[in-house]
Amino acid sequence: MNVILKALIKYRSITVFFILALIAAGILAFMSLPKQETPEFSIPYAMITTVYPGASQTDMDILVTEPIERTIMGIDGYESSFSYSSNSLSLVIVELAFSADRDESFSLMENRLRELQTSLPEGCLDIDINRNITDTAGVIISLSSASAGSDELSYQADMIAAELSKIEGFSRFEIIGEKEDQISVLVDLQKMMAAGLSLNEISGLVSAGNLDIPVGKLQYGDSRIAVDYTGSYKSIEDIRNLEIGYSPELDIILKLSDIADISEMEKPSSTLYYHEGEEAVLISGYFEEGINTLPLNKEINDRLNEIRNGIPSNMEISMVISQPDEISDSLGAFSMNLIIAIGLVILVVLIGMGFRNAIVVSISIPFSILITFLAMYASGIRIHQISIAALIMSLGMLVDNSIVVSDSIQGELDEGKNRRKSCVTGTSNVAIPVFASTITTIAAFTPFLFLNSLAGDYIKSLPKIISISLSASYLTAVLIIPVIGYIVFKKRRDTGRRKPMALFPRLLGWSMNKKVVITLIVAVLLAGTIFLAMDIDKEFFPASDKNIVYIDIRNNSSDDIEGTAEIIRRISEFIDDESEVEEYIASAGGGLPRFNQIMFVYTKTPDIGQIMIRTNLDESEHKTTGEYKEYLQMKLDGMGLDAKIAVKQLMYAFPMDEDIRIRVNGDDLEKVKAAESTVLYVLNNMEGIQNINKGNTDYIDIMELEVNKESASRSYVLPAEVLNEVSIAISGRESAVLFDKDRDIPVYVTGGIASEKQLDGYMIKTNTGSYVNAGELTELTEASVLETMPRYNGEYSMLITADYETGVDKAEVLNEIKDSIDEQNMKGISLVYEGEDELIKENFGQVLVMGAVALAIVFMILLIQFKSFSLPILIFTTIPLSAIGSIAGLYISGQPISFTALLGIVSLLGIVVNNAIILIDYIKKEIKLGRNVQSACMNAANRRLRPILLSTITTVIGLVPLVIGTSQLFKPMAIALMSGLMVSTMLTLVVIPIAADTILRKRREQGITKIKKER
C-alpha cells in the first residue's frame, strides 16, 4: 500500500490525468446508458386458448381444458395455472417458477401441446399459445371521430402506424379496435339438399378452393420443372364462382353462388374501444428490447404533429400513453433529488471539515458516481428509479471512507509530520478498517441479489449499484484522496474547532461509571421496539404515485358485450363531469393494451371492461391519487350498475389489486361451489372488510343439445358429425381467407339457424347420402350450468376477493376470517390464501433469510479482521441498536413496514457496524500504546467522534430527498435507514466503549492471571 501511494503522489501529474480520463469515461457512459422509468422484469406467463365450436362448458372442461392442464403440469419449471372453460372456449394461463429457464420450459410446453392436439376431439381448432401477454406498450395513440366511418378510421390508423414505424427503436405496432370485414357464405339449406351436400362438405370445398398446392415436377426438355396448382382466392367473385359439383337434373356445373348468398359485411366486434366517450381505434407501439427510449421522445412528438396536420379535420389524435414522456418526468424528478442530495452532503462536509478538507472529501462523490456509471454501462445496468434511488441511498456512504482517510491524514499533519508522510501514513493506518467497513456494508446488501421472487427481480439493481459505488468510494478514498490531499491539505493552525465537542467526554465518562443504568435503558428501548413493531401496519408494496387510476369492470352478464359497452357509456358520462379528469380511454370486451408493467393480464371476454383515467389534482380537494381513487369507488358504487366495479391505482413491483384473495379448491365441482357460498357468507358477516367479490361462476339457464346416439346410429351418422353440422348451421365456421391487397378477410360458412324451430327442420346428411331431420337426432333440454368452470392447478377452484376497510388491524381481521372459515369444517375442500398477507410472509421471510446470510458473512469478515470471537460479537451489539431507531422512525412517521422498509432495516446491519469497527480498531491501537483499557476506550471515542458523526450526518442528509419526495416506494426505506442510523450512532458512541471496556478489561485480567500461573 505504501509503495503504491508514494508512486501515485510522486507521479501525481499522471495520476491526475488518469483521474480526468476516468471522469470523461464516466460522463460518456452516463450519456450512453439506456434510461427507463422502472426496471425491466418479465412475468413468466403464457396464455393458451382453444376453441371447440359448439361444445358446452362441461365438454370444454373435460375434453379440452383438463388434458391441456395435465400436459403443462408435467413440464419442468411449472409453477401454477388457472383456467376457465365456457361455451366453445378454453382459456388457460400458465405461470412458470421464477427460477425456471423460460425459453426452454415454454418451448417444451409448445411441443407437448402440439402432440396433444391430435388427441383432442375432432372439430377442435388449433391450440393457440401466446407468450407475449405481458408485453407492455411503449406508446398508445388514440384515433377517434364522431363522424368518420370505421373504414376511414382504420385506413388512417394504418397510415399512422406505417409513418411511426419509420422511427428506429420500435419493434412493432398493433392496431386494435378497427372494424374488420368478413365474407359470409349463407347457405340456402333447401338448395344445399338439392345439390346433395352438407354444410361440412361445403366448408371443406371452400377451404380446398383456397389452396396453393405443389403438384410435383415434370421433365421439360433437358430439365425438370415444378408444377404448382394456384387456387387461392383473389376476389369475392372467385368465391362466388367456386365449382362445388354437378347437377344431373339441370346438366350444369354448380357454383357456390347457386346455393348460397355470398356477401362482404362488417365482422361483429369482439372488443370495442373509446376515447372520451367516442368510438376509437388504438395504435399500440412496442419498443425494441434494451433500447434507450428517452431520445426518441422529441422525434415521436414531432412526427405525430406532422401526422396531425395531414389527417381529416373530423378526426382527433391523442397520445394517451408515452413511455418516453413518463420516463423524462419520472427520472427528471429523481435526478433532481440526486442533485439536491449531493448538494446537501457537500454542504454538511463543508461545515464539518472546513473548506480545504471539504473540497477534497467532496471530490469522492462525483468521482465515485461516475465510476459507478462506467461499471453500470459495462454490466448492462440501466438508469431508472431504482438505480437512481440506490445512488441517493449510497451518497452519504460514499464520503464516509474519504472522511475517515482525510481525518487520519489531517491528524498526521497536525502532529507535525510532512505532507508526503502524512498522506501515506494516515491512509495506511485506516486502510484496513475502512476496507473492512466497506466490505461489511457490501456484504449486507449482496445477499439481496439472490432473492428468488418477482419483488427481488424488481429491486436487484439496488444492491448491485450500492456495492459498485461503495467499492468505487473505497478506491477513491485510499488512492485518490491521498494524492489530492497532498496538493491541498495543510496543518491546521487552530485546533480549537473541537471545543464544541467537549460535552461528549463528560457524557461518556458518566456512562462508563453507570454501566448498569445504560444497560437497563438499552434493554427497555429494545423491548419497546418489539411492541412498536407489532403495532405498525405491514405492506408488501405501495401504490404508485402516478397521476393514473384505472377502473376494472366485470359485467354480471358474462356473454353480453353490448351490456358491457352500456356500462362503459354510463361511467363515461359521469367521468366527463369530473374536473380532475384530463383524459380517458376505455374498452369493452376485454382489457386495454397493457400500459404498465405492474398489471394483471386481462382476457378478452364480453363481460370485461376497463377505463384508464389520467388525472390532474392540482386544484382538487383530493390531494393524492389514492384519495381520488377512494372517491371514485364510492361514486361508482352508488350508481347501481349491474357489474363489479373496482377502481385501482398502478402498483410498484407487484400487481396487488385486492387485499384478501381466497381460493376454494376441490375435485368435486358441486362441493367447491357450496364451499364458495360458505366463504362468501363468512365474509359478508365479517366486520372490517369491503368490496367482497367472486368470479362469474353463477348458474345460468341454457338449452343443452343432446344427440340421440341410437337414432344417429340407425341413420348412419356419428354423434360428432351431428354436432359438427349443427355447430356450422348455428355459429358458422371460418373456412378460408381471402387475401385482398393488405387485408386478410375471413370467409365464414353458415346455415343461418337462429331458432329452435329452424333447428328442428334442419336436415342433416347421413353417410348413405340421404337426409334426416335434426329433430330426430337431437333433443334440446333446459339445464342450469355455471357460466364458466374455473380450475386452479388442475382442481376446480372458486376465487373470492375482498379489501380491508381503512384503519382496521389487518392481521387481526384476517385471523378472524381464517378462524371462522375453519369452523365450517368443509370436507374435501382446500383453501389457499393469496392476498397481501401471504405475499408478505413469503417475501419478508426471504428477506430475513438473506439478512441472516448477510450477518454470517459480516461476522466472518470481522472474525478475519480481529482474529477474535468476542470483538465481532461486541460489534454486533450495534445491530439491535439500529432496529430501535428504524422501528421508532417508521412508527412516528406513520409509514408501514413494507418490503423496501424491511430491506432498509436489514441493510443497516452492514452500515451500523462500520462505526464500531473504526472504534474497536482505534481502541486496540490505544491499548498497544500502553494506555489502560478505560482510557483507550475514552480516547478512541473522543478521537473518532468527529468522523463518525460527520459520516452519519452525511448519510442521513443524503436520504432527505427520498424522505420528503412523493415516492412511497422509497420513503419507508429512507426513514428506516435514517432513523436507524441516527439512533444507533448515538448509542454506539456510548455502548461500544462501555462494552469494550468490560470485555477487554476482563480479557486483560484473564491474560495477567494466566501469566502469573505460568510463572
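Start by selecting Val 983: setting aside residues up to four places away in sequence, Val 983 touches Leu 881, Ile 884 and Gly 885. Contact here means heavy atoms within 4.5 Å. This is a predicted model, where local features need pLDDT of at least 70, side-chain atom pairs count only at pLDDT 80 or more, and totals for chains, interfaces and linings use all residues. Numbering runs from 1 along each chain as its sequence is written, and side-chain values use heavy atoms, with hydrogens and water left out.

Val 983 belongs to helix α32, residues 971-1014. Helices (H or I, at least four residues) are DSSP runs, numbered from the N terminus. Val 983 counts as partly exposed because its relative accessibility is 22%; the scale is buried under 20% relative accessible area, exposed over 50%, partly exposed in between, with a 1.4 Å probe and protein chains only.

**Next stop: Thr 441**

Move to helix α14 and pick Thr 441. Thr 441 is buried, at 2% relative accessible area. Its contacts, leaving out residues up to four places away in sequence, are Met 397, Leu 470, Gly 910, Ile 911 and Asn 914.

**Into the cavities**

How many cavities of 30 Å³ or more does the structure hold? There are 5. A cavity is a set of points, on a 1 Å grid over the protein atoms alone, where a 1.4 Å probe fits but cannot get out; lining residues have an atom within 4 Å of a point. Grid points are joined across faces, edges and corners, and a volume is the space filled by probe spheres set on the points.

The largest cavity has about 230 Å³ of space. Select Asp 400, Ser 437, Asn 914, Asn 915 and Ser 951, the closest to its centre of 20 lining residues. Now colour α13 (385-414), α14 (419-445), α16 (461-488), α30 (899-928) and α31 (933-964), which each give two or more residues to this lining. α31 gives the most, with 5 residues. The lining divides into 9 nonpolar, 10 polar and 1 charged. Nonpolar covers Ala, Val, Leu, Ile, Met, Phe, Trp, Tyr, Cys and Pro; charged covers Asp, Glu, Lys and Arg; the others, Gly among them, are polar.

Finish at the second largest cavity, with about 70 Å³. Closest to its centre, of 12 lining residues, are Gly 352, Met 353, Asp 407, Arg 492 and Arg 946. Here α13 gives the most, with 4 residues.

Terms used: 1 Å grid on protein atoms, 1.4 Å probe; cavity = no way out; pocket = protein on both sides within 12 Å on 5 of 7 lines; lining within 4 Å.
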